[in-house]
Amino acid sequence: MDLGVDASLVKAIAALHTDNIARVRYGTDGECTDRFQVQKDVRQGCVPAPLLFSLLRNNVVHYLLVDQLDVPIVAGRRVPILLFVVDAVLVARTENTAHGLLGRFVKYGEEKSLTINCMKTMGITLRPSPSLRWKLVINHVPIEVTKHFDYLGVQF
């Protein structure tokens with residue numbers, strides 16, 4: 001999906017997130033740690049971060065909706081994913097759809113050089129039968145499947 005963003009702007013934004021040095025302020029007297037190289041994560045308070053997240057969000061939703069997978073419809077729209085900051089919740093009605101969404105999500109990440117942390121990834125089944133357990137895998141790593149989890153303070 002072409003978002004029409006000029007390459008020079010992409011380079012400028014990438015430069016803001018490359019070779020960063022930081023210090024952490026702590027205590028009541030404003031003491032600071034020694035400088036250190038930032039190696040991962042999102043810059044806190046980064047002005048373009050909300051815009052960048054919105055572009056990514058729209059892009060990934062369109063990417064997931066290419067296939068006609070069985071996802072819930074909310075207010076007349078197909079909803080394959082819920083996104084909040086660095087969290088993503090794939091939403092599927094069937095195990096086949098879950099596998100399809102997960103496969104496309106992993107492929108999207110690979111194409112965009114994004115990494116899915118398998119240790120912080122889990123699946124949830126909202127089925128009446130507690131014996132129904134889906135088997136989800138990312139790059140040969142099994143993903144924990146549970147019947148309950150908390151997301152933004154809401155228990156599912």
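**Close-up views of a predicted chain**

**View 1. Aspartate 19, an exposed residue with a positive phi.** At 65% relative accessibility, aspartate 19 counts as exposed (over 50% relative accessible area; buried is under 20% and partly exposed lies in between, with a 1.4 Å probe and protein chains only). This is a predicted model, where local features need pLDDT of at least 70, side-chain atom pairs count only at pLDDT 80 or more, and totals for chains, interfaces and linings use all residues. Residues are numbered from 1 along each chain as its sequence is written, and side-chain values use heavy atoms, with hydrogens and water left out. Aspartate 19 sits in the loop between α1 (7-16) and β1; helices are DSSP runs of H or I with at least four residues, strands are runs of E with at least two, and both are numbered from the N terminus. Its phi is about 55°, a positive value although aspartate 19 is not a glycine. Most residues other than glycine have a negative phi.

**View 2. Alanine 75, another non-glycine residue with a positive phi.** Here phi is near 50°. Alanine 75 belongs to the loop between β5 and β6 (77-78), and with a relative accessible area of 81% this alanine is exposed.

**View 3. The salt bridge between arginine 93 and aspartate 70.** Searching the whole structure turns up one salt bridge (a side-chain nitrogen of Lys or Arg within 4 Å of a carboxyl oxygen of Asp or Glu). In this pair, the closest N and O atoms are 3.3 Å apart. Arginine 93 is in the loop between β8 (87-90) and α3 (95-111), and aspartate 70 is in the loop between α2 (49-64) and β5 (73-74), so the bridge ties together parts that are 23 residues apart in sequence. Both ends are partly exposed: arginine 93 at 39% relative accessibility, aspartate 70 at 36%.

**View 4. Arginine 104 over the face of tyrosine 63.** The arginine lies 4.2 Å from the ring centre; a charge sits over a ring if NZ of Lys or CZ of Arg is within 6 Å of that centre and within 35 degrees of the ring normal. Arginine 104 is part of helix α3 and is buried, with a relative accessible area of 14%. Not counting residues up to four places away in sequence, arginine 104 touches Tyr63, Leu64, Val66 and Asp67, where contact means heavy atoms within 4.5 Å.

**View 5. Leucine 136, buried in strand β10.** The strand covers residues 136-138, and leucine 136 has a relative accessible area of 12%. Leaving aside neighbours within four places in sequence, the contacts of leucine 136 include Ala98, His99 and Leu102, along with Val141, Pro142 and Ile143. The C-alpha atoms of leucine 136 and glycine 103 are 9.9 Å apart, though 33 residues separate the two along the chain.

**View 6. A nonpolar surface patch built from Val24, Phe36 and Val38.** The patch comes to about 210 Å². Patches are made of residues with over 30% relative accessible area and no salt bridge, with like charges joined within 9 Å and nonpolar side chains (Val, Leu, Ile, Met, Phe, Trp, Tyr) within 5 Å. Areas come from the Shrake-Rupley method with a 1.4 Å probe, and for residues only the protein chains shown count as cover. Valine 24 is in the loop between β1 (21-22) and β2 (25-26) and is partly exposed, with a relative accessible area of 40%.
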